[in-house]
Amino acid sequence: MPDKSPPCLSPQWFQILLTLSAGEQHGLAIMREVADRTEGTMTLWPGMLYGNLRRLVDAGLVRETDGPAGAPARGGTRRYYQITAAGRTACTAEARRLRRYVDAARERRVLPQSRP
Amino acid sequence: MKRSVRVYRLLSRLYSSELRRLHAAEMEEAFLDLLARESFKRGIRGAIRVWAGAAVDAIRSRRTVRDRATSGLNLDRVRAEVRDVVRHLARRRARTVSVVMTMSVALTATLMAMVVAYEVTLKPLPFRDAGQLAIVTRSSPAAGALGVTLNDLGLFVSGSHSVQAVAAFNDFDATLFTGTTSLRVPGAYATASLSRVLGVPPSVGRWWSSEEDTPDAAPVAVLGHALAVQLFGATDLALSKQLRIQDQHYAIIGVMHDRFTFPIDAQFWIPAGRQPAYARSENLDLTGIVRLTDAAAWPVAAADALAVSSRLVRMDGNVDVRLTVSPLRDLIFDSQARRLSIPLMITAALTLLLAGASVANVFVMSMAERGVEFAVRRALGGGAAAATRLLVLEALILSTVAAVVAAVAAHAIGTALPDLLPLRLPAFVLFEPGGLLLAASAALAAATTVAGALIAASSAGRTLAPLVHTRGTTIDWGSLGPARVMAVVQCATACSLAGMAIWAAGNFRAFNAVDSGFDPSTLFVTYSLSADQRYDNRGTRETFLRSVLDKVQEIPGHLSSGVVGRRPLDFVQDEQWATSHSLTTPVRLTAATITPGYLAAAGIELMGGRDVVWSNRESDQEVVLVSRTAARLLWGTDLWSGEQVIRLSAVRDTMSGARPIRVIGLTEDTHPRGLDAPAAAAVYRVVPSQRWTPWVGHLAVRSTLPPQEVLKHVREIIAAHDPAVPIYRWRTMGELIDESLWRSRLAAWLLSALGVIALVVVVVGVHALVGALVSSKLRDLGIRAALGASGMTLGGTVAWSIAPLVLLGIGTGAILTSLLNGPLHALLPAATGLLWSSVTAALVLLVVMTFACAPAARRAARVDPVTLLRR
């Protein structure tokens, strides 16, 4: 049987999509949120951040937007990004995949059982 | 912070251009934010971490972009680009054809040079462990290489620890009779061990045993594959059949496989033991072949040969004799043919280099013409990489077509070449390029054209400079700068090749026009008295000689006839001679032992004194005639005055007190070593019959009849006297001259052809370059025309822009040609006048360059400013 599950996302893509799932953001905000969420363990360096954003746009998981009304555009240099339906599906699938690993870790008591 | 911004902007140059173009400001903002946060949290360590991380990020992001470009192969895009390139090539048909022709001509030349060099110097010989096979010959500084006797081989094998097995053979042409027809076929007589020494058994049947290699054994023969099929229809059917070779019937006991030919093109082999002269100690007709114990035994074999040489000198008392051991390849391809392949490779490589430079120029021109197209592509996001990709694709398509054309051409030339060469080549030598060489040449074509495309692509961005500069009377080359270097390389290479071509063609014409000193219609027929024991007696040999010469005089239309010991243009021998006043300073003369009538038969003109008569041969005093060059060497004048000379070649003569020999005449000079060699200082010896009667004689006959008619008569005369005496190797002097010139002719032909190719190729390249220059500067030229510059001025501006490059190239080429003096003289030893050839080549190149630049200069002169400015 061929595996029909979506391909795994790279950690950077997952973090970017996770950030954008809350709403459209510009690159700097994405970088800050990812750094905060991962407690500094993942730094999205400028080349890495914008390179991955270009590839996410090319893959149809993210699209560029004009940004929310009244958002600071810093002289028109800031680009805003919004997650697409395909991006949300991919992010959800990745989150489920990660949850399966966490569940497996709990079953094997690598992690404590979750409270009801 | 400002300093950090400046440093980051420098660092950000490491990022890909695409990323910078789209996100430069955002990335800078993100970096500064990171730097601020990390510095706040961790101080200097945080700042260092951010700087290091940014550097790694820049490098990694660049690599990621490149990986995407290469790994993510978008077939649709490739297909579209191929379609685009093909359409472009079809639109520019003339340019496409010129590039394909330029590359294919150069590639064909390179391919053929590679094929010849491989076949002659590198291809393994088709014998088992051919590296262990050696040829044993006698040689002497005066006489060159000779055959060996059985005694020599016996001495060598008994005294050597390096020899595993030994065999001997001699090649000859024989008449084979099949029913009512006969055919002349090259063959060889050989010892029973030849098949074992070569490591090649017959494919059908067997080789003969040592018992069958004796005079009394039943005659047996082994046939070559092609001959067996020709005579009997199949190899199996040939076994046990009888075949008449000359006047003897042989039973066929074996057939060799289809690619076996040894020596050279032999098609049948018979036991040497059946030849009466085989075991005679003075018979030097044999060639020895030995199989060494291993490939490392060469130095031991050479030392053994030296030791045997010393024994031979002691036994013979002849200081000149030396036994030499040389690789088998030397027998099959002579050293001159092998030397030929190296300069040939160099010349072909230069032609390919020239073609590559021309193609690069064509691409540069293409870039200049397509400047707007590439600008639009870039504006649409195509980028420099896309432009390069298109050019490389174009180069690959062109080189593929060129490689296919070259392969077809090389195949056709390779098939025809053996027939064009007046050279006997073994059957395993094939001048048709194999798959590996074709692949190598295709790779060469691709590499050369892609290199040209990349050079052109490097100037892609810069050809779009909107403002064109002019300085004084020349044009600023601007973006076409790299092409200037190529133009110089092209002119230098073309000048060098053209110089060599003119030199070769000029010299070949010169020595082709040399009077050989011989009559070209003289027929030489070689006979051998080795067929019967009764010729061991000198008297019977002399009787045979006189009887045959008497009968030859009765041939209708007979003019003159005589016999010479060594045939000119085939084998000549030098000896040391001196006058009684200059015994300490002997001179080297080319000696020929002759009978009365030979000089007139060979057409050698008598300048003074008298010709030799039979009474000279019957007396016990040797007499000689000398050529004018010899007389000048001996006496300082070429006026005959009846001097005496002394022969010093043999040590015995000097030890016993050399006797003066009377000079009875003076002859005109001849070229017995070939027309490409200087006139020989010749001495014609008339040795008394009790001291010299030849085993193998070369009968020279001059007659008013055609050579074939004369040959028929000679054959009948010899057969009537003794049917067992074979005659072979008949040639007219004209044919001998032609055969002696084949190497020089081939070298001159190849160099001339490559010189012409070089000139054509350089015209394509420089025409393209100047065309590109004018195309890229059209606006500037239009402005100049609008400001009042005349057409002559504009055309002159173009000419002055290219002139320094052409002159620099020609100067470099002339120096290059003078450096090639050594290798060139290896090709044509007697040729001279390289300096004048270089000067002529320079002048020819100047004229050719003028024609190459003329269309572009005319285009510049006819620039219409109104049309240009409107555009």
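**View 1. β17(B) gives the most to the lining of the second largest cavity, with three residues.** This is a predicted model. The second largest cavity holds about 110 Å³ of space. Its lining counts 16 residues. Nearest the centre of this cavity lie Pro568(B), Val572(B), Ala592(B), Pro672(B) and Tyr684(B). Two elements of chain B, β17 (587–593) and β22 (682–686), each give two or more residues to this lining. By class, 12 of the lining residues are nonpolar, two are polar and two are charged.

**View 2. The largest cavity is lined by residues of chain A and chain B.** About 130 Å³ of space lies inside the largest cavity. From chain A, the lining takes Met31(A), Arg32(A), Ala35(A), Gly40(A), Met42(A), Thr43(A) and Leu44(A). From chain B come Leu34(B), Arg37(B), Glu38(B), Lys41(B) and Arg42(B). Two helices, α2 (27–37) of chain A and α2 (17–42) of chain B, supply at least two residues each. The largest share, five residues, belongs to α2(B). The lining of the largest cavity has five nonpolar, two polar and five charged residues. In total, the structure holds five cavities of 30 Å³ or more.

**View 3. Chain A meets chain B.** Here 22 residues of chain A touch 23 residues of chain B. The size of an interface is often given as the accessible area lost when the parts come together. Between chain A and chain B, the buried area is about 2,000 Å². Carbon and sulfur atoms give 59% of that area. Trp45(A), Pro46(A) and Tyr50(A) stand out on the side of chain A: they supply 31% of the area that chain A buries against chain B, more than any other three residues.

**View 4. Salt bridges and polar contacts link chain A and chain B.** Three salt bridges are counted between the two chains. One of the charged pairs is Glu26(B) with Arg79(A), a salt bridge whose closest N and O atoms are 3.7 Å apart. Seven residue pairs, both partners at pLDDT 80 or more, are in polar contact between chain A and chain B.

**View 5. Helices α2 and α3 (46–59) of chain A each give two or more residues to the side that touches chain B.** The largest share of this side of chain A, eight residues, comes from α3(A). By class, the side of chain A that touches chain B has nine nonpolar, five polar and eight charged residues.

How values were computed:
Residues numbered from 1 in each chain as written. Chains lettered and ligands numbered in written order. Predicted model: local features only at pLDDT ≥ 70, side-chain atom pairs only at ≥ 80, totals over all residues. Heavy atoms only, no water. 1 Å grid on protein atoms, 1.4 Å probe; cavity = no way out; pocket = protein on both sides within 12 Å on 5 of 7 lines; lining within 4 Å. Points joined across faces, edges and corners; volume = space filled by probe spheres on them. Helix = DSSP H or I, 4+ residues; strand = E, 2+ residues; numbered from the N terminus. Nonpolar A, V, L, I, M, F, W, Y, C, P; charged D, E, K, R; others polar. Contact = heavy atoms within 4.5 Å. Buried area = accessible area lost by both parts, 1.4 Å probe. Salt bridge = Lys/Arg side-chain N within 4 Å of Asp/Glu carboxyl O. Polar contact = N/O pair within 3.5 Å; in protein donor to acceptor, adjacent residues only side chain to side chain.
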